[in-house]
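Welcome, and thanks for taking a look at this one with me. Please have the structure open beside you as you read.

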Amino acid sequence: MNETDIGFWGVPLAMFAGAIRVSTPFLFVSLGECLTEKSGRINLGLEGTLVFGAMSGYAVAYLTGSPWFGVFCAGLSGCFFGAIHGYICKLPKVNDIAIGIAMMLFGTGLAFFFGKPFIQPQAPHLPSISLGGWSSLPQVRSALEINPLFFIGIALAVFMWWAFKNTRWGLIVRMTGDSAPAALAMGYSVDWVRFLATTVGGFFAGVGGAFLSLYYPGAWSEGLSSGQGLMAVALVIFARWNPLACFGAALLFGAAGALGPALQSVGITQGYYFFNAAPYLLTLFIMIASVSPKRSLKGAPGELSITK
Amino acid sequence: MSAFTLSRRTLLKSAAIGSIGLSAGLLTRRPAHAEDLTIGIIYVGSRDDYGWNQAHAVAAKALAAVPGVKVVEEENVPETIAVAKTMESMIELDGAKLIFPTSFGYYSPFMLDAAKKYPDVQFRHAAPLWKEGDPTNAGSYFGYLDQAHYVNGVAAGLSTKSNKLGFVAAKPISSVLSNANAFALGARSVNPKAEVQVIFTGDWSMPVREAEATNALIDAGADVIGCHVDSPKTVIQTAESRGVKSVGHNASQANLAPKGFITGAEYKWETIYKKFADLLAKGEPLPNFTGGGYDLDYVQNTAYGAGASPEAIAAADKAKEDMRAKKPIYIGPLKDNKGNEVIPAGTVHAPYDPWIDQINFLVEGVQGSIT
């Protein structure tokens, strides 16, 4: 026993730290998905966008030496994938979910193909902001090493929440998502709005991927994403298409991911398979809890193909 | 009957083709080897993962340099029916005569089925799984990395200040458990106060969870981190960024942790691969099972990094000598971490005792549970 041993307090602290460290990719992907779904389309391809964003962000950061430029390029590559999805879905009789799955495979495959030479080299990491200087506990200090992208994500969530309600653009996106005929009657191009929403959504997902490879865990490898992109889609439904709730849900998923290792570290070692599965179980329970055969989901955009 | 009578034209044609073939054969013929050997190597992940797959790929490269040997490789093959298809295409399309499926889950049923289907092809799998009754053209080879992990433990036990070591483990199977145990026994042999805390991630490659596990161990007070996961890159990098020391696994991770790297347990598969290629070239049968450690040059330790203190280096060098001399790691009396006696006093398990392949406990001094 020494003075830095904090015993069982380690579990809530680890979950708090894990929520901050692990939630950022969830947050960015779910905000991107939220925007896309608000416009009336589902983009399941964000898992592929996330992986490609992770690869391209890492590659650019390594080649240019600037991690922030890497983040930007990851976002641009995400735009590219979003734009492909948006364009193909514009064509007649195309199913957005099927295209999403195709884009997911395309994105991961392309990332693995181009990512081969970047597994070995080490790219510069994103810096973090230390907010824990007041504490004498190294655990707390390390938990409060927070990446600026986390704060950017929070600001983005608040901005989107405000913009959906209070801006003309927010209204147009919501209208396209709730009733395409209404948008047409108002003289807006439904396809164009959805194309833009998917493209911008792709940007966010790409940034989320760059966080994975450039900050935490902080290296590009082919096993980097364990389904964060797909879980983020479930998370949007859980958050009822509300960007602020997306933030809360992302924190919850991050904390759930930290639960397994944290419990083992304080000596609760039985049943770790169960605790490690926590984020996936959570996804499943959310899906079960939020469906009903009698009504469409509260808050769901009316044009969404899963709720129609 | 016309099929059997050769017309003059056919005869001329086949003679011409034959002579072209013959001269081509003469021109490209390589010296010393009667026939070229194609070897197929299958990886579960990417070849440069700083870990298990990289250790094999490094050996594959050395093997490809042997005259007359051609190596075909495929990476990212899941432990599913996909590996059966990969083996089939290596045999049918590339003409492979020897296949190394290198991941644990490839063995049963996929490799066993393929061995029954292709009796003239040799299959050797990288885990101690082959037993009497399995197809004779199949087999296992294995490096006993627990010996190198013991050396890791000795170096780590003399490098810790908090007397608490961390170990990030993938799955609770015997080869992982024996490495964690050897790490703990090595550490406690030089520092009886040392304790090892194990966290299982539940999968071979899970970067985010491995990083969380490393952070959790450091938060719980561990100041040297070891691991047994497929790609230790994340664990070593996270430990380095938190300012604690680390020991490696599978391949060399020394350049990932310029400040805190002590040493690492590495496989040396090329010793085995070259031995096999040599036997096949001579037309001699391959052993169904070969396993070894330091004494047969199947495992090694990474060159010491900046984290290794002079006394840790001296003790670890001595431990290497002990391993080369086949000094046993498991000596009774020994208890597991639940207090049950697993080796009675007076019993000693030699380095390659089959008992070691059946280990299903964590030794005293290790915090963690296998269920």
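Predicted model: local features only at pLDDT ≥ 70, side-chain atom pairs only at ≥ 80, totals over all residues.

1. Let us start with the make-up of chain A. Its secondary structure comes to 13 helices and two strands.

2. How does the radius of gyration of chain A agree with that of a compact globule? For 308 residues, a compact globule would have a value near 19 Å, and chain A has 20 Å, so the two agree. Along the principal axes, the C-alpha atoms of chain A fill a box of roughly 70 × 50 × 35 Å.

3. Turning to the inside of the chain, 54% of the 308 residues in chain A are buried. Among the contacts in chain A with a separation of 6 or more, 78% are between residues 24 or more positions apart.

4. Next comes the place where the two chains meet. Chain A brings 33 residues to the contact and chain B brings 35 residues. On the chain A side, at least two residues each come from α1 (10-38), α5 (138-143), α11 (243-265) and α12 (272-276). The largest share, six residues, is supplied by α11(A). By class, this side of chain A has 13 nonpolar, 18 polar and two charged residues.

5. Finally, chain B. An unreviewed UniProt entry places the feature "domain: ABC transporter substrate-binding protein PnrA-like" at residues 38-287 of chain B. Over residues 38-287, chain B is 40% helix and 20% strand, and the end C-alpha atoms of this stretch are 19 Å apart.

Notes:
Residues numbered from 1 in each chain as written. Chains lettered and ligands numbered in written order. Helix = DSSP H or I, 4+ residues; strand = E, 2+ residues; numbered from the N terminus. Rg over C-alpha atoms; globule rule 2.2 N^0.38 Å. Buried ≥ 20, exposed ≤ 12 C-beta atoms within 10 Å, placed from the backbone. Contact = placed C-beta atoms within 7 Å. Nonpolar A, V, L, I, M, F, W, Y, C, P; charged D, E, K, R; others polar. UniProt positions renumbered as here; feature names shortened; annotations may be inferred.
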